[in-house]
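Student: I am new to this structure. Please walk me through it.

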Amino acid sequence: DNTLRLVTTVTHNVGSSSQSNSVYVLDADLKTIGKIEDLAKNEQVYSARFLGDTGYFVTYEQTDPLFSVDFSDPENPKILGKLKIPGFSEYLHFYGEDKLLGIGMSTDEESGMSEGVKVTMFDILDRADVKEEATLVLDDLYRTNAAYDYKSVLADQQKNRIGFSGYSQNGETYCLLTYNGKEKKFETILKEEINGNTSQGIRGIYIEDTLYVISGNIIEAYDMDTGKKMGDIIL
């Protein structure tokens, strides 16, 4: 509707750890017409997504507040809800109209130390009361590419497949998950060490029921239902 909506982290003094976060709505001339300031002090934004009139964003210091914002009145944006959970989501992706997928890190609530890669499914049916519906912690992975490259994630709600690569002590691993909505849990189909030159970036794509994991000059094919390897090629 000719508006630009954004969320920012502001450092108040150069070299200071004093931070806050703000939401702004700008018109077509880039004039600020609506704002919410001084949110989540001493935290910073890690991810954000918009769906219709609602924005969602994650900030982090020791816990992971997921904010939901009503933008239906551009001049008066309003915070609808705030869910605080341990860890943080560096990647957000809508999984249908009432689910929000998060990929990030699990952390100790007191120390802030990393406890592995965390995959979360949020229930956003009630925008004012967002809930953490399910989580899966991959404690042998210490980082994912999702934080730096949104295109590295395969998230297909219709196919019900979630794919991404992560780093372990042995190198890089590709994970393929599905989400069981009835039992409200993630199920692992594939967790395989990646071959090839991973410095060029990893991609997982599919044709019909075959997943192709592409890493540099190597393409490996897997059955998307069983995770069984079907073949590979070196280019």
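The questions below go through sheets, cavities and single residues.

Tutor: This is a predicted model, where local features need pLDDT of at least 70, side-chain atom pairs count only at pLDDT 80 or more, and totals for chains, interfaces and linings use all residues. Residues are numbered from 1 along each chain as its sequence is written, and side-chain values use heavy atoms, with hydrogens and water left out.

Student: In what order do the strands of the open sheet with β8 stand?
Tutor: Strands here are DSSP runs (E, at least two residues), numbered from the N terminus. Two strands pair if DSSP finds at least two bridges between them. The pairing in this sheet is antiparallel. Its 4 strands follow the order β8-β9-β10-β11.

Student: Why is one side of β8 and of β11 left without a neighbour in the sheet?
Tutor: Strands of a sheet pair through backbone hydrogen bonds, either parallel or antiparallel. β8 (88-94) and β11 (131-138) each have a single partner strand, so one side of each has no neighbour in the sheet. Both stand at the edges.

Student: What does the twist average from one strand to the next?
Tutor: Axes are lines fitted to C-alpha atoms, and angles run from 0 to 180 degrees between N-to-C directions. From one strand to the next, the average twist is 20°.

Student: Which residue in the turn between β8 and β9 has a positive phi?
Tutor: β8 and β9 pair in the antiparallel sense over 6 bridges. Phe-88 stands opposite Met-105 in β9. The two strands form a hairpin with 4 residues between them. The positive phi, about 90°, belongs to Gly-96.

Student: How many residues of β9 are buried?
Tutor: Buried means under 20% relative accessible area, exposed over 50%, and partly exposed in between (1.4 Å probe, protein chains only). Strand β9 spans residues 99-107 and is largely enclosed by the rest of the structure, because its buried residues number 9 of the 9.

Student: Which residue of β11 is the bridge partner of Val-119?
Tutor: β9 and β10 run antiparallel and are joined by 9 bridges. There, Ile-103 stands opposite Val-119 in β10. β10 (residues 114-123) also pairs with β11, in the antiparallel sense, over 7 bridges. In β11, the partner of Val-119 is Leu-136.

Student: Is Glu-133 buried or exposed?
Tutor: Glu-133 lies in strand β11. Gly-181 is 48 residues away from Glu-133 in sequence, yet the two are 9.3 Å apart in space, C-alpha to C-alpha. The relative accessible area of Glu-133 is 16%, so Glu-133 is buried.

Student: Which element gives the most to the lining of the largest cavity?
Tutor: On a 1 Å grid over the protein atoms alone, a cavity is a set of points where a 1.4 Å probe fits but cannot get out, and lining residues have an atom within 4 Å of a point. The count comes to 2 cavities of 30 Å³ or more, and the largest holds about 50 Å³ of space. Its lining includes Leu-6, Phe-50 and Tyr-56. With 3 residues, the most comes from β5.

Student: How many charged residues are in the lining of the second largest cavity?
Tutor: Ala, Val, Leu, Ile, Met, Phe, Trp, Tyr, Cys and Pro count as nonpolar, Asp, Glu, Lys and Arg as charged, and the others, Gly among them, as polar. Glu-192, Glu-193 and Glu-220 are among the residues that line this cavity. By class, the lining has 5 nonpolar, no polar and, as charged residues, 3.

Student: Is Thr-226 buried or exposed?
Tutor: Thr-226 sits in the loop between β19 and β20 (229-234). A polar atom of its side chain lies 3.2 Å from the backbone nitrogen of Lys-228, a polar contact (a pair of N or O atoms within 3.5 Å; within protein, one must be able to donate a hydrogen and the other to accept it, and residues adjacent in sequence count only if both atoms are side-chain atoms). The relative accessible area of Thr-226 is 52%, so Thr-226 is exposed.

Technical notes:
On a 1 Å grid over the protein atoms alone, a cavity is a set of points where a 1.4 Å probe fits but cannot get out, and a pocket is an open set with protein on both sides within 12 Å along at least five of seven lines; lining residues have an atom within 4 Å of a point. Grid points are joined across faces, edges and corners, and a volume is the space filled by probe spheres set on the points.
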